[in-house]
Amino acid sequence: MSDATLERIGILGAAGRMGRSIAQVAGEAGVEVVAAVDRGESVGRDLGELAGVGKLGVEVSPELDALEAAQVIIDFSLPAAAGELFAKAASWGRPVVTGTTGLDAAAMEALEALTKAAPVVAAPNFSQGVTLLFHLAAEAARRLGPGFDAEIVEMHHRRKVDAPSGTAVRLGEVVAEAKGLDTTLHGRSGHVGARTDDEIAVLALRGGDVVGEHTLFLAGMGERLELTHRATDRQIFARGAVRAAGWVLGQGPGRYDMTHVMGL
Ligand code: NAD
């Protein structure tokens, strides 16, 4: 453990939606972005101007090696780029916070090797509220026991193409595990018969510009508990990632997720 404070981060995927969001959040948190790596048309542009926060004096570079100057590297890119970063960061012994999803076998292997050399926070969802929702959902389902039926409803904007959301599916898994069940089902339609004790439905609503809402219902006889998370801004992921970057600096090598960052 060290008590170093976070002053300098590097971003891989800096010109992407998440990378720009991290540049905004870092500025608010008083953390300097010392290296911004991306590719294509963004190369050579000022990160602050791309992120809409005014000139920062940090040009987007195509060179991964620029990231060595950072205390912690935050990665929201693509699996191939992330895998390359993990190998470099292992040779530098540099902590990494990574949110890139869909890692392939090669990137997973590089991630595993990195965790032997440096601390890594990897999470499919960096929202602090969603991380706590999973924790509370498991606790509530366990304590209320089999007399309470669990059901999950999620709602997202009309452009979302997959359903149910990855977060809703994960919430179903967390609750199923807490209740000792191995079944979740995605939706009901037609003459499906009465609800059984060992099912959890995960239902998806779509419409408008809803950023993301998830509700767990725990319905018993005569009472019902509802736990809801509502996202109103995609910056929640960037805030969680910057919080994780501050936390990871004090850790030894290993693989961590947002539950560790939040002390759950
Ligand atoms: P995006 O497409 O807007 O940004 C990705 C950026 O990475 C792009 O600017 C792209 O040019 C850059 N990039 C890709 N390959 C590169 C390479 N070889 N070298 C340099 N730069 C490269 O996507 P996004 O919405 O910012 O999401 C990025 C990743 O983060 C995705 O995997 C997404 O699923 C994930 N994500 C995770 C969370 C979470 O909480 N864990 C939240 C949002 C998004």
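Student: How far is an oxygen atom of the ligand from an N or O atom in the side chain of Asp38?
Tutor: Before that, a word on the source: this is a predicted model, where local features need pLDDT of at least 70, side-chain atom pairs count only at pLDDT 80 or more, and totals for chains, interfaces and linings use all residues. Residues are numbered from 1 along each chain as its sequence is written, and side-chain values use heavy atoms, with hydrogens and water left out. A polar contact is a pair of N or O atoms within 3.5 Å; within protein, one must be able to donate a hydrogen and the other to accept it, and residues adjacent in sequence count only if both atoms are side-chain atoms. For Asp38 and the ligand oxygen, the distance is 2.5 Å.

Student: And how far does a polar side-chain atom of Thr101 lie from an oxygen atom of the ligand?
Tutor: Thr101 is listed among the closest residues around the ligand. Its polar side-chain atom and the ligand oxygen are separated by 2.6 Å.

Student: Is the peptide bond from Ala163 to Pro164 cis or trans?
Tutor: Pro164 is in the loop between strand E7 (149-156) and helix H6 (166-179); helices (H or I, at least four residues) and strands (E, at least two) are DSSP runs, numbered from the N terminus. The bond's omega is near -10 degrees, and the bond is cis.

Student: In which loop does Phe126 lie?
Tutor: Phe126 is one of the residues closest to the ligand. Its loop is the one between strand E6 (119-122) and helix H5 (128-144).

Technical notes:
A residue is near a molecule or strand if one of its heavy atoms lies within 4 Å of it.
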